[in-house]
Amino acid sequence: MKDTLTLWWDEDEEGIRYIDQTKLPGEFSVALCTTIDRLITAIQRLEIRGAPALGVAGGYGVALAAATSTGTSFKEFLHDVKGKAERIRTSRPTAVNLGWGVERVLARVLEETDIEEARTAALSEARKIADEDTRCCHAIGDCGAALLPDKCTILTHCNAGALACSSWGTALGVIRSAVERGKEVKVIACETRPLLQGARLTAWELARDGIDVTIIGDSMAAHMMRTTQINAVMVGADRITGDAVFNKIGTYMHAVCARHHCIPFYVAAPLSTFDAIHKEREVTIEERGRDELAVLGDRTLIPDGVPVRNYAFDATPMELVSAIITEHGIVRPPFAINALLSHAGPKDNGCLK
């Protein structure tokens, strides 16, 4: 299997190229973003989505802000870049990687005193984030593949594949790495409401790789666990606090069902997705528009006047998580999140290689 780049910098156009995820699987379309307004729209419309991909987009977004700034003095330039960086950072509230990518590249810009040098530094740092993400996903894949039996059926939710990263993927990266090792892995992918990222994106990715994948409705997972058709659950994450894992809405119910049926529940995520500052109760759960549930094409599915709640994420308590697969190893709760984030390799805090 080859890495598929999903998000990169176009040197000739001085902009961000990305696979438009809203058009899959019917159309494979590579879009170009050359303004901050367009980038924010792409993020909010989920043309670019997935925690690691948002981190890369945040980094490239600051590079784009630097490249397009019209400030004539360094003070004016910094004011402009900082303002645009803040707009990018707050464009989606739940995923932590977006702000992480923005802040990392902005910090690099702030080390400079010359506009052109700051532009060069911003793009260099953003590219480092993208390159590190690819290496990180392969490391997660290698660590996680060891957890899977030689023959197994894995349930996954939403899309934590190459499309959610710069390439390879986190949860799907584990599956890809296991298949590369010769393991016989079948995947059951939930359709994932409200935007069907499992049905549209996960199925598209795995089918392209020739990996056995079957789509089910979100509400079918418990039945398949009870009838012993699932060996493990493998999901990604948009934010991990010390007490909870935030992922696409519906993840929590899979974790509860998995615990009841004694099925391991694994989370695959880079350390950049960990949030050592906040607790679950302090994190804003994004709510999206009514039409994502009420309208399908030109058809209205819900009667006018009937309200809709459209949470994008939920939080899974850490006690329901069997293990978190990171680029540095496998973490089994409970663990000290600050100790985990401060280490360069596994130590005696529950992080095992």
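Student: Which element gives the largest share of the lining of the largest pocket?
Tutor: This is a predicted model, with local features needing pLDDT of at least 70, side-chain atom pairs pLDDT 80 or more, and totals for chains, interfaces and linings using all residues. Residues are numbered from 1 along each chain, and side-chain values use heavy atoms, without hydrogens and water. The largest share, five residues, belongs to helix 4.

Student: What is the volume of the largest pocket?
Tutor: A pocket is an open set of 1 Å grid points where a 1.4 Å probe fits, with protein on both sides within 12 Å along at least five of seven lines; lining residues have an atom within 4 Å of a point. Volume is the space filled by probe spheres on the points, joined across faces, edges and corners. Here the space comes to about 720 Å³.

Student: Which of the lining residues are closest to the centre of the largest pocket?
Tutor: The lining holds 31 residues. By class, 14 are nonpolar, seven polar and ten charged (charged: Asp, Glu, Lys, Arg; nonpolar: Ala, Val, Leu, Ile, Met, Phe, Trp, Tyr, Cys, Pro; polar: the others, Gly among them). Closest to the centre are Val96, Asn97, Gly99, Trp100 and Ser272.

Student: Which element gives the largest share of the lining of the second largest pocket?
Tutor: This pocket, of about 230 Å³, is lined by residues including Arg193, Arg200, Asp291 and Glu292. Seven lining residues are nonpolar, one is polar and four are charged. Helix 10 (291–294) and strand 11 (295–296) give two or more residues each. The largest share, three residues, comes from helix 10.

Key
Helices (H or I, at least four residues) and strands (E, at least two) are DSSP runs, numbered from the N terminus.
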